[in-house]
Amino acid sequence: MPRVTALNVNGKRKTVDVDAGISLLSVLRDNLDLTGTKYGCGEGRCGACTVLVDGQLTRSCVTPVGRAAGKQITTIEGLAKDGKLHPLQEAFIKADAMQCAFCTSGMIMAASALLSKNARPSRDEIISGMNRNICRCAIYQRIIEAIQIASSGTANRKEVSG
Amino acid sequence: MIDDREATDFIEAERYELFVAPGYNFHFDRREFIKTFGVGILFVVPLTRAFSQQQDESGRGGFNSTLPSDIGAWIHIDEKGVVTAFTGKVEFGQNIRTSLTQAVAEELHVPVGSVRVVMGDTELVPFDMGTFGSRTTPTMAPQLRKAAAAAREMLIVMAAEELKLQPGELRIVDAVFVNHDKSKTLTLAEVARGRKLVKVIPENIAVTKAVDWTIAGKSLTKVDAGDFVTGRHRYTSDIKREGMLYGKILRPTTLNATLRSANTKAAETIRGVKVVVDGNFIGVAAPDQQTATRAASLIAVDWQSTAQPSNAELFDLLRKPAPAPERRRGGGEGRGRASGPQGSITDGLAMADKKLAQTYTVEYIAHAPLEPRAAVAEWNGDKLTVWTGTQRPFGVRGELAEAFHISEDKVRVIVVDTGSGYGGKHTGECAVEAARLAHAAGKPVKLVWTREEEFTWAYFRPAGVINIKSGVKSDGTITAWEFHNYNSGSSGIQIKYDIPNHDIRFHQSNSPLRQGSYRGLAATANHFARESHLDELADAVKLDPLEFRLKNIKDERMRDVLQAAAKAFGWGKLKPVNGRGFGLACGFEKGGYIATCAEITIEKVPRDKNKARVRIVRVVEAFECGAVVNPLHLQNQIEGAIVQAVGGALFEAIRFANGKILNARFADYRLPRFSDTPLIEVVLVDRKDLPSAGAGETPIVGLAPAVANAIFNATGIRLRSLPLAPKGISLVSA
């Protein structure tokens, strides 16, 4: 099995020494201690493990780390810049779009992939774009609202229209 | 409170068997406290008789004598003025960390930001039965409120002494003690500085009335939301310890199988791998997860399986009552009919113009918490520390003590805020497994169950069969109500309808699958059956479902929510259109009143004219649970409960055969997703004149019957089994 010795994560070069076939999720969590990315199912069906690889939405639990080598990996830990939360992070707080929050990292990463392709998605476009991410607390309505807030740049406005 | 007690008393027999009463009483020792908490002032709430009764209500009547007799809660104030409240409750997404923070800040008159809540660490917090039954708001919040209110009064006396004033001249505003003209001030931090005090607070202390709340009663987002949106929060599965190994358990090929033999030689040759075979337990620990998985795959195990039932036989099996020894000890088979039968069913049926008898069923469903069971276990000599996500930290401490034949004071269980449970994480099997591996390896071990393990080796919401016999007069008066629930439970079984002749019973059965608590317990099943049947009765006498219900309900709180939901929904004003239906349901459980209206559409499936898809397009739910503590989080809970309920209502069901769970993956077990979310309108009925009840559970119970009634409204087809439409509905019988 070929090995992977370096990864670009959140703009930094990280040294590792792992089999190329093991999951990106496992390397992020166990080797690099980036535990914001979660294990939810191991079958790419819940989205808790969502990260971006070269800006593309990626289910890290079913992605061999070899496929991410040499590419830019972004995890939830890399979203805030200079201590300032990303607009999606602000919006999730504002819309109270979390209960147990175990899905939150994956939701925010999937939403950022969605918004990078479609800056102003409609409600239906949010639903179809996010439909592979599960929130077991089932507060999808609030997550939709959070994405709408972030997409319209109103995270800091007081009143939010649905 | 009989209804409440009934509701929470039933956690299901197996949970009782797993329940281990605490063998360790925390004795109140001031020196110990000071050692633990350091400089500052500690306010201790003695466990009063009143509190014991509240604990009793929270569901475990018979165990009262084993509760620690000393302390109910404590609040610490450190030299920086940071207020820390300690509670045995745990945060699983109900957002009680936020609501308890609000309660303490309110009574102490300090900003929300200066209050911390330490939860679920058995070494730091007072004993607690567990976080279930929607009891945090009605029992723990008042405890902490009292502690904070008493602390405030005692702190005012201490501040007054320092400022050489009379206590009556001081008040506390935003953590600062001030006199009337603000000429003299002292901060909370200044009062606590250099002190090493333990103050026992008096029992009779007044708390702020809901109408006067300034912090509670207001919307507040999750207090530590920033930790979650950044991925900073460490769930159990994120914890790392020095030298930690990763565990992997070898699971039997079928449920209830026993280990005949195992060949572990190949696995044991791998460097750093520890293999443990102990009775039916077989697992490995290794320096990383991949090695653990590889080592496990090299072990050849021979399991002895037995023939077991499948879905096809389920409801016949459940209708057979359990033999006596299987019934719950020390609580009784009678707890499903606390109010006892009233009147005579025979007489009630005799005076009826129409009689109905129907059977309703519900399948097993899975909690499927997004964070599967996880534990990190670490031994230090004979002392064991386990981080794990459980709703019963003290119960799991007992399980660990029993498993390793050590006393409970050698075991510390720490529950960090967990990735949900919905009643599915009462037990400590993952904690015991991790601890067993760690014991053998002599190093800390982390064990995270796979999704498949979580689906297969946890436990399910009970399946059930409900038989109802009823009679109604032509004018819509219900005259008889006979209700038998087999296996699913007695929560929400009591009625708010005024029926002179009723007999309501719960019967335990031998469940073929391991079953236990679930959000709302059996209230979903009982409301589904009752509210579906109510619609059938309304149809029998040609009355509008809303009018029919109101005719049979005197309870004002029930009428209020029913009318509030109907009004917001536009009930009676909506014209039926082809392929569209409207349904409603109402109920009462755990101190909360709920009414749900649903609008559904029926869409023909292309290429199959006999099949149709059901889509829930709009839901209005009115909820009243006394004084609202945090409107934002209450609304959030209700919205989540409605959409979570969509799964159990339409498509969730565990498929099993001969000791195997057949759909133990998200690919095979469908959960509600974004595309299943209807438009939701929540109507909060805020009763500041009534004590706050919990709200995590009851909002889930109204959806399934409202949807079943809407399907009938749209199609004339009456569906009496949950899930209603796992693969759409058949139009053939229409």
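Q: In which loop of chain A is A:Ala101 found?
A: In this predicted model, A:Ala101 is found in the loop between H2 and H3 of chain A.

Q: Why is A:Ala101 called buried?
A: The term requires 20 or more other C-beta atoms within 10 Å. A:Ala101 has 30 C-beta neighbours inside 10 Å, and therefore counts as buried.

Q: Which value of phi does B:His109 have, and where is the residue placed?
A: Phi of B:His109 is near 60°, a positive value in a residue other than glycine. B:His109 lies in the loop between helix H5 (96-108) and strand S4 (115-119) of chain B.

Q: How do you know whether B:His109 is buried or exposed?
A: The cut-off for a buried residue is 20 or more neighbours. B:His109 has 22 C-beta neighbours inside 10 Å, so it counts as buried.

Q: Why is H20(B) described as largely enclosed by the rest of the structure?
A: Of its 13 residues, 11 are buried, and therefore the description applies. Among the buried residues of H20(B) are B:Leu703, B:Pro705, B:Val707, B:Asn709, B:Ile711 and B:Asn713. Just after H20(B), B:Gly716 takes a positive phi of about 80°.

Q: What is the peptide bond from B:Leu722 to B:Pro723 called, and what is its omega?
A: Most peptide bonds are trans. The bond from B:Leu722 to B:Pro723 is cis, with omega near 0°. B:Pro723 lies in the loop between strand S28 (721-722) and strand S29 (729-730) of chain B.

Q: In what order do the 5 strands of the open sheet in chain A lie?
A: The order is S2-S1-S5-S3-S4, and the pairing is mixed. Strand S2 (12-19) and strand S4 (56-59) of chain A are the edge strands, as each pairs on one side only. Neighbouring strands of this sheet are turned by 40° against each other on average, direction ignored.

Q: Which strands does helix H3 (residues 104-117) of chain A lie across?
A: This helix lies across strand S3 (50-53) and S4 of chain A, running at about 35° to S3(A).

Q: How many residues of chain A are in contact with chain B, and which elements contribute?
A: Contacts link 42 residues of chain A with 45 residues of chain B. The elements giving two or more residues to the chain A side are helix H1 (24-31), helix H2 (87-94), H3, helix H4 (123-130) and helix H5 (140-151) of chain A. The residues on that side divide into 23 nonpolar, 11 polar and 8 charged.

Q: What percentage of the 734 residues in chain B is buried?
A: Buried residues make up 54% of chain B. The chain contains 20 helices and 29 strands.

Technical notes. Residues are numbered from 1 along each chain as its sequence is written. Chains are lettered from A and ligands numbered from 1 in the order in which they are written. This is a predicted model: local features need pLDDT of at least 70, side-chain atom pairs count only at pLDDT 80 or more; totals for chains, interfaces and linings use all residues. Helices (H or I, at least four residues) and strands (E, at least two) are DSSP runs, numbered from the N terminus. A residue is buried if 20 or more other C-beta atoms lie within 10 Å of its own, exposed if 12 or fewer, and partly exposed in between; C-beta atoms are placed from the backbone. Two strands pair if DSSP finds at least two bridges between them. Axes are lines fitted to C-alpha atoms, for helices over the stretch in contact, and angles run from 0 to 180 degrees between N-to-C directions. Two residues are in contact if their C-beta atoms, placed from the backbone, lie within 7 Å. Ala, Val, Leu, Ile, Met, Phe, Trp, Tyr, Cys and Pro count as nonpolar, Asp, Glu, Lys and Arg as charged, and the others, Gly among them, as polar.
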